[in-house]
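Good morning, colleagues. Please look at the model on the screen while I go through its side-chain pairings.

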Amino acid sequence: KTAHRTVFEEDPEAPTHFAYIEWFSKFKPQPEAGHLFYRVARSRTQQGDRVAAIVPLKSLQRSAHLILRFGPNQPAEWTSENVLELCETFYVNSFTDRHTYITVV
């Protein structure tokens, strides 16, 4: 609460819930030919740090389903606990829409 007051003072319209997000590259004009997924990579600063932000939760529109991108073999150091931290490149699954799944059920 102290940080919230420091940033927003006593603004009654100030958001109360936030999300940590990491930024990815923009889509290219066309998806990958073999599977029609768009490829994205983590955005990084010139120093190599991930580009991230903390945004009000109400500013998010929807999520995206990411598929890991790797070659013919999965890197041996990847485990279920660390794969999302170690993988740098993903495909955006354009064939699934989690918003529709929730709305239809």
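Arg 50 has a relative accessibility of 22%, so Arg 50 counts as partly exposed; buried means under 20% relative accessible area, exposed over 50%, and partly exposed in between, with a 1.4 Å probe and protein chains only. This is a predicted model, in which local features need pLDDT of at least 70, side-chain atom pairs count only at pLDDT 80 or more, and totals for chains, interfaces and linings use all residues. Residues are numbered from 1 along each chain as its sequence is written, and side-chain values use heavy atoms, with hydrogens and water left out.

Arg 50 forms a salt bridge with Glu 22, with 3.2 Å between the closest N and O atoms; the term requires a side-chain nitrogen of Lys or Arg within 4 Å of a carboxyl oxygen of Asp or Glu. Arg 50 lies in the loop between S2 and strand S3 (52-56) and Glu 22 in strand S1, so the pair ties together parts that are 28 residues apart in sequence. Helices (H or I, at least four residues) and strands (E, at least two) are DSSP runs, numbered from the N terminus. Glu 22 is also partly exposed, at 21%. Both residues belong to a network of salt bridges that links Glu 22, Arg 42, Arg 50 and Glu 85.

How many salt bridges does a search of the whole structure find? The search finds 5. One of them joins the side chains of Glu 88 and Arg 44, at 2.6 Å from N to O. Here Glu 88 sits in the loop between helix H2 (83-86) and S5, and Arg 44 in the loop between S2 and S3, so this pair ties together parts 44 residues apart in sequence. Glu 88 is partly exposed at 31%, and Arg 44 is partly exposed at 37%. A further salt bridge, between Arg 39 and Glu 32, has an N to O distance of 3.4 Å.

I turn now to the aromatic residues. The whole structure contains 4 aromatic pairs, where rings of Phe, Tyr and Trp (its six-membered ring) pair if their centres lie within 6.5 Å, and planes under 30 degrees apart count as stacked, over 60 as edge-to-face and the rest as tilted. Phe 24 and Phe 90 form an edge-to-face pair, 5.8 Å centre to centre with 80 degrees between the planes. Phe 24 lies in the loop between strand S1 (18-22) and strand S2 (38-41), and Phe 90 in strand S5 (residues 89-92), so the pair ties together parts 66 residues apart in sequence.

Is Phe 90 buried or exposed? At 2% relative accessibility, Phe 90 counts as buried, whereas Phe 24, at 25%, is partly exposed. A second pair, Phe 37 with Tyr 91, is tilted, at 6.3 Å and 40 degrees. Phe 37 is in the loop between S1 and S2 and Tyr 91 in strand S5, so this pair ties together parts 54 residues apart in sequence.

Phe 90 also belongs to the largest nonpolar core, together with Val 40, Trp 78, Val 83, Cys 87 and Val 92; such a core is a set of buried Ala, Val, Leu, Ile, Met, Phe, Trp, Tyr and Cys residues joined through side-chain atoms within 4.5 Å. Beyond four places away in sequence, Phe 90 touches residues including Leu 66, Ile 67 and Leu 84, contact meaning heavy atoms within 4.5 Å. Leu 66, in strand S4 (residues 66-68), is partly exposed at 34%.
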